[in-house]
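Please read the following note alongside the sequence and the coordinates.

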Amino acid sequence: MAFRLSLRSSASLARCVARTSGSRAFASSAGVGKSSLADSVKSEIARDAALPNPDPADDSPSAALVAEHAPYMVATYSRPPPVFVQGEGSWLYDIENRKYLDFTAGIAVTALGHSDEGFTRIIADQAKTLVHASNLYYNPWTGALSKLLVEKTLESGAMHDAAKVFVCNSGSEANEAALKFARKVGKELDPSGNKTEIVSFNNAFHGRTMGALSATHNPKYQKPFSPMVPGCKLGTYNDIEGIDALVTEKTCAVIVEPIQGEGGVQPATDEFLVALAKRARQVGAVLIYDEIQCGMGRTGQLWAHGHLPKEAHPDILSTAKALGNGFPVGAVLVNAHVADKIKVGDHGTTFGGNPVASRIAHYMVSRLSDPTLQQEVLAKSEVFKAGFRKLQEKFPELVSEIRGRGLILGLQLTEDPTPIIKAARERGLLIITAGTNTVRFVPSLTITEGEIQTGLDILEKAITATR
């Protein structure tokens, strides 16, 4: 299929080149300055010459492929024009063989970069060994992954009472499982059914399935699908004084991100998380840490909460994204207090824990729990922050704040960053937004310091071009 696509793309590209050559010939014969068409062509040629990666034109192979496929796709995303067909390390290549430095890592997913050698070898080997047998039976890798996740979590100093794991397919599924488990605990503690409320916080993002969405109090996401699951309460992130009134005897679950990713790379204060955990224990609520984006080595620790005292550790910890490096997999770690309440038949999944996903995740946990890699993450973080400070000095009216830890970082701007995102992309750098006017940086953890500097240089040029 890749070969056929390559042939089709080559043919499309040849036609595109022929059309472009014809336009230039017409411009020459018509006399530049005497024809509006010629002026238009000249302007386009000048623009393309000035930009290493101009967004594909309407007559490009990229546009042709999108035009062929888009009518058959539900329009849930607004995508820019490039069509990516290959990745290597921290670089992506589009259908026209243009190269982009990737500071997004598939939204904090490809932690080991694109086409990691060990990752690709495991997929190939396991695919020809056993892909699926269902959760009606044991396989070697679901249990091995669960065991390794618990061992490495305890070894890292995080979630000191982690005991068992449920393996699923995504971050939303992980949070759905976490919320269901907490509801079950609430029913066990209070059979009257009054302990069912779920507390989450402003600017949180926990997923798009109905339970996770109900804990994501953003009208943009909720309004089209309301009413939400009942019993979900909204709190203010980092507001210690409001915790006691928010978390009550009716609360079965408190779900919080130690660092909000989609919400604008907003870190929770240690004091807030300690106070939140204390109150949750006072009323018998299950404390859930959503580390789907900020976990798995991204902060320079295996888990973002690993530096907190034990009393602030969660009862449930959800993970996904980097756990599979791009392959769909998620997991929920629970302590014995929660695990003991979950019985056979309470929850399940058809694909979750399949041998391919579990073996890949086992490899990822092994790699991302490496202390050397985590130290490198911290060093690379400082390179980013030093570059951000220089940008802040050069553009003080634009860059208002630098946030985050490790390689989950945010640059708060005073205006909409959309023009900068486009200008960066057309210069060969992929960056994304979060929250309100925040540029988010979540590159591969294996990105080199040289690549970081290259990206920062491109970012500076992109900002300059938009001023």
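Predicted model: local features only at pLDDT ≥ 70, side-chain atom pairs only at ≥ 80, totals over all residues.

1. An open sheet is formed by four strands, ordered β13-β14-β17-β16, with antiparallel pairing. Its edges are β13 (399-405) and β16 (432-434), each of which pairs on one side only. On average, and with direction ignored, neighbouring strands in this sheet are turned by 30 degrees against each other.

2. The partners of β17. Strand β17 (residues 438-441) runs antiparallel to β16 and is joined to β16 by three bridges. Within this pairing, Ala434 has Thr438 as its bridge partner, and Thr433 stands opposite Val439. Strand β14 (residues 408-413) is also antiparallel to β17, with four bridges between them. Here the bridge partner of Leu409 is Phe441.

3. The two faces of β17. In a regular strand, side chains alternate between the two faces of the sheet. For β17, both faces are covered. Thr438 and Arg440 are buried on one side, and Val439 and Phe441 are buried on the other.

4. The hairpin. Strands β16 and β17 form a hairpin with three residues between the strands. In this hairpin, Gly435 adopts a positive phi near 55 degrees.

5. Helix α15. Which residues of helix α15 (residues 418-425) are buried? They are Ile420, Ile421, Ala423, Ala424 and Arg425. The elements that cover these buried residues include β14, β16 and β17, as well as β3 (99-102), β15 (429-430) and helix α16.

6. Inside the order, strand β2 (residues 91-94) and β3 run antiparallel and are joined by three bridges. One of the pairs is Trp91 with Leu101 in β3.

7. Helices α14 and α16. The crossing of α14 and α16 is right-handed. On the α14 side, the contact consists of Ala379, Lys380, Val383, Phe384, Gly387, Phe388, Leu391 and Lys394. These meet Glu449, Ile452, Gln453, Leu456, Leu459, Glu460, Ile463 and Thr464 in α16. By class, this contact holds nine nonpolar, three polar and four charged residues.

8. Helices α6 and α13. At what angle do helix α6 (residues 140-156) and helix α13 (residues 355-368) pack? The angle is about 25 degrees, and the axes lie 8 Å apart. This pair therefore counts as roughly parallel. In this case α6 passes α13 in a left-handed crossing. Trp141, Thr142, Ala144, Leu145, Leu148, Leu149 and Lys152 of α6 meet Pro355, Ser358, Arg359, Ala361, His362, Val365 and Ser366 of α13. The contact of α6 with α13 comprises eight nonpolar, four polar and two charged residues.

Methods
Residues numbered from 1 in each chain as written. Heavy atoms only, no water. Left-handed = near helix turned anticlockwise from the far one by under 90°. Contact = heavy atoms within 4.5 Å. Nonpolar A, V, L, I, M, F, W, Y, C, P; charged D, E, K, R; others polar. Pairing = 2+ DSSP bridges. Axes fitted to C-alpha atoms, helices over the stretch in contact; angles between N-to-C directions. Buried < 20%, exposed > 50% of the residue type's maximum accessible area, 1.4 Å probe, protein only. Parallel < 35°, antiparallel > 145°, perpendicular 65-115°, else oblique.
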